[in-house]
Amino acid sequence: MMRTKYISLVLLVLSFLACTPKDEKELIGGGTHYLLTARECNYAWAFNAYIKQIPHQGFVQTKISSLKKDTTLKASDFILGFTTCNVDIKDIKKQPDWEGYQEAYKKYGESLLVDFPPFIALSTKPDKMADKEDPVIETRLKQQLENRYTRAVYDMPAANLVYVDYRLTWLKDIKITSSAEIAGRAPGQSLTDLFVVEDYFRHHAFIVTSNKNVITDDKKIVGISLSQYLSYKPMAPAEIYLRFKDNVSVSAPVTAQFTIELVTGEDKSIKTTAAAVKLAP
């Protein structure tokens, strides 16, 4: 059953990508081409995922994967993520030749957010529903992304078309709470200091600061606390993955829903709650 669902999800993603506009397809032919899209952060969706360990040629690689229904996770493997966009899922326009994103979200739930978030669906459409680009950010982003050392991290092929989203809204705060007791903290009490940044959506491992600097150094953007992350006055991420700090655990199995509140530089609050997740020591 899950295999069938996974195959259906892959086919859905491919159907979206097949709608890539002709002028963008013609870019493919040599080198890596970055198609940048600017968006305000008006909406956010939280989701649960987990850190999957994959043995590969004597090494262990990690991958952020979506959860199967009724899965119980060790707290150390749990990922709390959120994705952002300028438009709501219900406002993403349908194309005549493929299923609408809202219908797909109802069918696949949070797994769609992990594998194929709204901004990626939009980036492949003729109408990207984008906001006005920022030339300073785009110049600096391309300089960083086209750096051969940065590209090597992703092991990109010689000819590749990469969609990259960036946000125009900076975040003043990220607040995380839970519906259940976590690590001795009562429901509703702040858990923000218990999380660190694990990773970002593929090809989006960067922080754009409110003064339009771009940071791609892994040591500065991964494994950092949320207070460190916020010290950059960052533009909202397109999609980010958070995990508990190494010393955080639960004393007994617990089912919890995590709520994330983003507070923008203009004091706008964007709240989102993930589905219930089962955590174990």
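**Figure 1. Overview of the protein chain.** Of the 281 residues of the protein chain, 48% count as buried, where buried means under 20% relative accessible area, exposed over 50% and partly exposed in between (1.4 Å probe, protein chains only). This is a predicted model, in which local features need pLDDT of at least 70 and side-chain atom pairs count only at pLDDT 80 or more, while totals for chains, interfaces and linings use all residues. Residues are numbered from 1 along each chain as its sequence is written, and side-chain values use heavy atoms, with hydrogens and water left out. The chain has 9 helices and 15 strands; helices (H or I, at least four residues) and strands (E, at least two) are DSSP runs, numbered from the N terminus. Contacts are heavy atoms within 4.5 Å. Among contacts in the chain with a separation of 6 or more, 77% join residues 24 or more positions apart.

Figure 2. Helix 6 spans residues 135–145, and its residues I137, E138, L141 and L145 are buried. These residues lie on the same side of helix 6 because they cover an arc of only 95 degrees around the axis, the arc being that of the directions from the helix axis to the C-beta atoms. P135 and Q143 are exposed, on the face turned away from the buried side.

**Figure 3. K212 beside D134.** K212 sits in the loop between strand 9 and strand 10 (214–215). With a relative accessible area of 28%, K212 is partly exposed. Its side chain makes a polar contact of 2.7 Å with the side chain of D134. A polar contact is a pair of N or O atoms within 3.5 Å; within protein, one must be able to donate a hydrogen and the other to accept it, and residues adjacent in sequence count only if both atoms are side-chain atoms. Leaving aside neighbours within four places in sequence, K212 is in contact with D134, V136, I137 and R140.

**Figure 4. The nonpolar cores.** A nonpolar core is a set of buried Ala, Val, Leu, Ile, Met, Phe, Trp, Tyr and Cys residues joined through side-chain atoms within 4.5 Å. The largest has 41 residues, of which I174, I176, F195, F244 and F258 touch the most other members. A second, separate core of 25 residues includes V114, F116, F119 and L122. In soluble globular proteins, nonpolar side chains tend to be buried together.

**Figure 5. V277 in strand 15.** V277 belongs to strand 15 (residues 277–280). V277 counts as buried because its relative accessibility is 2%. N48 is 229 residues away in sequence, yet the two C-alpha atoms are 7.1 Å apart. Beyond neighbours within four places in sequence, the contacts of V277 include N48, L67, L73 and F258.

**Figure 6. T264 in strand 13.** Strand 13 (residues 258–264) contains T264. T264 counts as buried, at 4% relative accessibility. Neighbours within four places in sequence aside, T264 is in contact with T169, W170, L171, K172 and I270.
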